[in-house]
Amino acid sequence: MSVSAFLTDATLCIGCKACEVACKEWNEVPADGYVWSGLSYDNTQSLGASTWRHVMFLEQPQAAGPQLAETTDPFRWVFLSDVCKHCGNAGCLEACPTGAIMRTDIGSVLVQNDVCNGCGYCIVTCPFGVIDRRPDDGGAFKCTFCYDRQKAGLIPACAKACPTESIQFGELGDLQERAKNRVQELQTRGYHDARLYDPQETSVGGLHAFFVILGQPENYNLPPAPEVPTTYLKSAWTSAIICAAIALAIVFLAFAL
Amino acid sequence: MKAAKATEARLDEIRKSAAESADLSTRGNSYPPQIRGKESYYGLPVLKAPVWTWEVPIYFFIGGIAGLSSCIALAAHLLGNDAELVRSALWVALIGGAICPIFLIADLGRPARFLAMLRVAKIQSPMSVGAWVLVAFSGCALVAVVAEELIVRGYSDVLIVGANWAGDLTAALTGLVLAAYTGVLIGATANPVWSHNRRALPAHFLAAALGGAGAVLELLGFFIAPTQLIGLAAAIIETLLGVHFELSRLPVNAPLHRGKSAIGFRIAGVMAGPVALILRLASDSPPARRAAAICFLAGSLLSRYAWIWAGRASAKDPEVLFQIQRKS
């Protein structure tokens, strides 16, 4: 099977949250609180164990760039539906000690819920802060890329419910091409700060869910240069081995002296 | 629910927290103060905080002591002539190794599925390496202890003596990994303060394990020269590491310098470092050494908690994450 991808386009999002609703309903994700955040219209706030799509509401200074639509608001509106990035090199997958997290035949990163024992290591090794543990259930949960739907020939629930095609679903190479063209098109139309967020050059090795955004990735809480924590293993283990040798030497010296 | 009426102190607290969100550097300029320019999405965290609860630092602490205790047993076995020390150190290793899984399992979101940990072996996952090393260590320590107890009771044929040596040697080697891997475990993560200190963490955890194992044996009555030397070495390393962490004033290390994690971290560092060192240098009488041992143990346990608290604080700070990523 070919490798699946999401292209989520901030310039097409209207902030309707249909993706959040569709995801919750199809995947039977439990409610996780009814909180008024006070942060624009965003009462979801972040991705989590029971939030697999999260629509952000950015209110940027007008100077940040041109408005996407007619408005009398004294700031620039941008919306973006965040999701698990299904990283090329996934921190959660590398770190999982049970093998519960696996790479599927469609290239996505999937948590096998019947295997996960809730050790929580994936939570601190995800460079995007996506995966989390459900307090009542104890297991780790995140976006499944609607693996069940994809295997049945259907597109993911969020992409299907999106009324503006802000969430596009397709084959990885096709969508990467489409994203590049979209950024170019936006720039020629005067959106100079349009860019693709898909860190190919870092150890994360590109995403299977990438984003067309306006402005800096940081404004969307997207890390500018995410690294998969396995890149830290070499230096940490080297230090551990040297220090262990020193500790053993101290013990032997203490008895030899 | 009726809120308590605000006190003057509460009003000051509100003012202070509001001021933290403001950029007051404009004071004295012609333009008015502004809200602090945040790049992040409403200052919300990018990363998830560790979900590990109180059991995990205790596991780090006991695992370290058990691991290095087996090294002391091996050294005493090879170089010393104190059979009682070898026996006690092996028992400390075995009991520690047996207690560890209790805390490790209690922390799991689904404790009933702890055996899933042994479903696969993944060298690239420190959590997987740790689970296997703990199993191996406990097995080796068990062999060593059983053989030791048989020898003490007069059953000493070649097989039993061989098992004793093999158990002792393998327990010491796996014990070192058990004590060190926990530093790698939290160092090789996306958490800024942990991953930034990934080289120092194994050193810190091994020093705590080394001094902790010596301290436990002292508290069991082994006021001998080697345990004093081990205690001195560990306290010196703790002191040096304390100075290192105190002088690393990078923004990423803020959780070691500010807030609850910093209070715990500093108290822990002083107790396991200078206080234990001064007590040992002042006198090598048993009461002084007992006090030094207790100080070191308390400090090294608290420092494991402080590292977890520091990780929680670090995960909440999106600006620091952006800053270190742009620099690299």
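Colleague: Where does N43(A) lie in chain A?
Modeller: N43(A) is in the loop between α1 (18-27) and β2 (53-61) of chain A. Helices (H or I, at least four residues) and strands (E, at least two) are DSSP runs, numbered from the N terminus. This is a predicted model, where local features need pLDDT of at least 70, side-chain atom pairs count only at pLDDT 80 or more, and totals for chains, interfaces and linings use all residues. Residues are numbered from 1 along each chain as its sequence is written, while chains are lettered from A and ligands numbered from 1 in the order in which they are written.

Colleague: Why does N43(A) count as partly exposed?
Modeller: Because N43(A) has 15 other C-beta atoms within 10 Å. A residue is buried with 20 or more other C-beta atoms within 10 Å of its own, exposed with 12 or fewer, and partly exposed in between, with C-beta atoms placed from the backbone.

Colleague: What does N43(A) touch, not counting residues up to four places away in sequence?
Modeller: V35(A), W36(A) and S37(A). Contact requires the C-beta atoms of two residues, placed from the backbone, to lie within 7 Å. From N43(A) to H54(A), 11 residues apart in sequence, the C-alpha to C-alpha distance is 9.5 Å.

Colleague: Switching to the sheet with β8, β1, β10 and β9 of chain A. Which strands stand at its edges?
Modeller: The sheet is open, with four strands in the order β8-β1-β10-β9 and mixed pairing. β8 (167-171) and β9 (194-197) of chain A are at the edges; each has a single partner strand, so one side of each is left without a neighbour in the sheet. Two strands pair if DSSP finds at least two bridges between them.

Colleague: And in what sense do β1 and β10 of chain A pair?
Modeller: Parallel, over four bridges, between residues 4-9 and residues 209-214. D9(A) has V212(A) of β10(A) as its bridge partner.

Colleague: Which strands does α6 of chain A lie across?
Modeller: β1, β8, β9 and β10 of chain A; α6 (residues 172-188) runs at about 135° to β8(A). Angles run from 0 to 180 degrees between N-to-C directions, and axes are lines fitted to C-alpha atoms, for helices over the stretch in contact.

Colleague: Now the interface. How many residues of chain A are in contact with chain B?
Modeller: 56, against 61 residues of chain B. α7(A) gives the most to the chain A side, with 16 residues. That side has 34 nonpolar, 18 polar and four charged residues. Ala, Val, Leu, Ile, Met, Phe, Trp, Tyr, Cys and Pro count as nonpolar, Asp, Glu, Lys and Arg as charged, and the others, Gly among them, as polar.

Colleague: At what angle do α7(A) and α8 of chain B pack?
Modeller: About 140°, with the axes 8 Å apart; α8 covers residues 225-247 of chain B. I250(A), V251(A), A254(A) and F255(A) meet P226(B), L229(B), I230(B) and A233(B) there. By class, the contact has eight nonpolar, no polar and no charged residues.

Colleague: What does A180(B) touch, not counting residues up to four places away in sequence?
Modeller: A240(A), C243(A), A244(A), P202(B), F205(B) and L206(B).

Colleague: Last one, chain B overall. How many helices and strands are there?
Modeller: There are 11 helices and two strands in chain B. Of its 328 residues, 52% are buried.
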